[in-house]
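Hi everyone, thanks for making time.

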Amino acid sequence: MAFEPKEPQKEIKYQELRIYSDEELNNYTEEELKQFKIKHDIPDVEELEKGPWPSFVADAKREALRRRKLADDRMLIDRDVVEDMLGQLQLSFDDGETHWKHGGIVGVFGYGGGVIGRYSDVPEKFPSITAFHTLRVNQPASKFYNTDFLRSLCDLWEYRGSGLLNMHGSTGDIILLGTTTEQLEPIFYELTHELQQDLGGSGSNLRTPSCCIGKARCEFACIDTQDLCYELTTYYQDELHRPAFPYKFKFKIDGCPNGCVASIARADMSFIGTWRDEIRIDQEAVKAYMAGEIEPNAGAHKGRDWGKFDIQKEVIDLCPAQCMELDNGELKINNQECVRCMHCINVMPRALKPGKDTGVTILCGAKAPILEGAQMSTMIVPFMKAEPPYDNIKEFIEKVWEWWMEEGKNRERLGELIQRFGLPKFLEVVGLPPAPQMVKIPRENPYIFWKEEDVPGGWDRDIKDYRARHKR
Amino acid sequence: MALSQERLGKYDPQNPQKDRITDLGPRHFWQYFPPVIQRNYGKWAYHDILEPGVMVHVSESGEKVYTVRCGAARFMTVEHVREICDIADKYCDGYVRFTTRNNIEFMVESEEKLEALKKDLASRKFVSGSYKFPIGGTGAGVSNIVHTQGYIHCHTPATDASSMVKAVADELFDYFRGMTLPAKVRVSMACCLNMCGAVHCSDIALLGYHRKPPIIDHDIISQVCEIPLAIAACPVGAISPDKTPDGKKTVKIKQERCMFCGNCYTMCQALPLADKEGDGVTILAGGKISNRISEPKFSKVVVPWLPNNFPRFPEVVQAVKKILEAYAANANKYERLGDWAERIGWEKFFEKCDLPFTEHLIDDYRLAYDTWRTSTQFKFTDKAWEVSKAAGGID
């Protein structure tokens, strides 16, 4: 099995693309780094160099020193940017307030997203970061890389930007932190022409979709998460780059109900891999777990002595559907009652596997608290096959978008719109029948919004007719 | 062709459309899968965590891939990325992967390479002594703390992110390198409730929060903001139109209505909220995303506010430790933090974690009623006796 890009992609070769020589890449010694002081006094920031966890300050100082020692013509934005950024961080600690200005509209021609304007509000103290914009670079699905690509990106970003970045931002992009307005277009040009690499989403756009590791290295994955992620990302490039939505919209794709990319909490549309046939059981492996020959839960608990594995207590009794039992040493699962929570599979991955008839459950409407409180996604489509070219999924997406773009208010997320109109209205819009799976419990109040057409004879009645039967 | 080195590269500002390439999307994933991953795609049979941070995945074909997971500060430099590349080139044929929680994963095909890789990673330290590539973040432990930009690169934060995460991660380091907890614990951090990090379903969530209503910059508000948008931005209707003494258009704010969400500032730069004394940290606990055993759930506010005590946030660190240690000592195997709190009851959670319960923790926003107890089923703790005394019910 292999997947292909839509358009052939050239191989990225660092040796052909590189900007810096080996000598330039090794332009400071460990001793110099130990002695190195940045131009600002940053005692509280430097305190964060201590402790065992990787220190972002110690790391930033390396880059600061590198920039000090590079020749003047070997970088196109100010050499002091890292030192000024650290200096401004110290000032922010002192003041208990951020020193970045509110927004600022910058971007690359023809795109309404992917670049976020950033300006210091103390440019007289930290002149090199007066303008210090962010670029979001769309990560490859599930964040595998080769070093040719990463090294090339590093050279580009050190030469035309600060050399500071996030691997990765919360939504999934590589975040390049800090460059000037002048360098935005040249960076975009190099990205697209030399690295065949596009920017990600920001603003009222489709945001960069992301997915879990899926079948690349996980036995639980029910769907091709990377392929679906890539397909939706490339198919909806216009929506990703040109703001046409009421607000942001996120797709996230989890391969199974364990939910490693948190789609149910973070995505306006969450795709979660699942199955509709039976959990596959290897009874010999079940026996091996029971006999203590295989460590439960793939060894996740081996740091503490939890005693001998007890399948009754640790699996059967914890099943939320209570659909399992041991029958003469054989594990029996009543799959009709199973809610696919993954617990038994997680505990005994060598014995149990998800079924083979797989697809996605689609849930809608998750978001963080802004504006009217956090929401998780609501279950809308119990099961949908997820196979290329994913036309069934695209059809569903477009119905949802059409309604949201028509009815959504400025900065209203899909989840809020569904709340405002009600879930029944949403089902009508996407043309789906209601099902008890969509609710935790049926409504507890009788305030049903009956429609006129629901009631025989309609709502138009004559008071005289009524009074003929009932005196005032 | 080499990357260009002229100031504007090959970009021509006089003719921005010339040779423009757009809508390429991301690089395709398949080329970045190591060969062993390509060969065994969709064929993985099972995995084992050999030790904290080290996994082996075994294919139906019998092939194996060993993964070493390392923590990382998500804010890093090209120097660090190059060092990651050096390691990937030396041991992993030039492939490397990052996880959703900002960990770095190096994959190798043999145990010999695995041992050499582990040794190399463990030996790399920054000059100040902190690990560059601590191995861990698997199984029943604390994985990397995801977070947002904070003072490093954002205009709305109520606290800093990288420093708080560094301080907490230093303290929880052994939980990252170990698997001694009842289940995995996901700690997440967002520096305002815009929550770029969407931390609201985490076992422990750290959240920057403002406590002072916006200041109105009357001089510029009518020039830099769409006033009707700023008014509409307020979810509690606290902002209304007003005029300055000299007749300029501005807004007024019913301060007692403000819930400090900051949405007005997002919409209008003339309404800043940030304030040294006002801003601080809220701690939420007991959320989860996985559907395992129990349904996904929101985190609940368990500490209403702690000060922004830069750079190491000792109060925050201590509160997180208290929660984590009480959970570690009391929860059952497989039980997530929120499941434990629900089983014992939240009244017991506050007692076990030794956290004060204040009026701030009782919901009085919309749908608050759903969180109020409407039954006689509860457990007596000191807090219950306090109320009973206050009511004159007991001496």
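Let's start with B:C225, which counts as buried because its relative accessibility is 8%. By buried I mean under 20% relative accessible area; exposed is over 50%, and partly exposed is in between, with a 1.4 Å probe and protein chains only. Before I go on, this is a predicted model, where local features need pLDDT of at least 70 and side-chain atom pairs count only at pLDDT 80 or more, while totals for chains, interfaces and linings use all residues. Also, residues are numbered from 1 along each chain as its sequence is written, chains are lettered from A and ligands numbered from 1 in the order in which they are written, and side-chain values use heavy atoms, leaving out hydrogens and water.

So what does B:C225 pair with? It forms a disulfide with B:C268, the sulfur atoms sitting 2.2 Å apart; the cut-off for a disulfide is a pair of cysteine sulfur atoms within 2.5 Å. This pair links distant parts of the chain, 43 residues apart: B:C225 is in the loop between α6 (221-224) and α7 (227-233) of chain B, and B:C268 is in the loop between α8 (263-267) and β11 (280-285) of chain B. Helices and strands here are DSSP runs, H or I of at least four residues for helices and E of at least two for strands, numbered from the N terminus. The torsion about the S-S bond is about 80°, so the disulfide is right-handed. B:C268 is buried too, at 0% relative accessible area.

Over all chains, the structure holds 1 disulfide.

Now over to B:F298, in the loop between β11 and β12 (300-307) of chain B. It's partly exposed, with a relative accessible area of 29%. Leaving aside residues up to four places away in sequence, B:F298 touches residues in both chains, including A:A374, A:M376, B:H200 and B:G286, where a contact means heavy atoms within 4.5 Å.

Last stop, helix α3 of chain B. Its buried residues are B:L114, B:L117, B:K118, B:D120 and B:L121. On the face turned away from that buried side, you'll find the exposed residues B:E112, B:K119 and B:S123.
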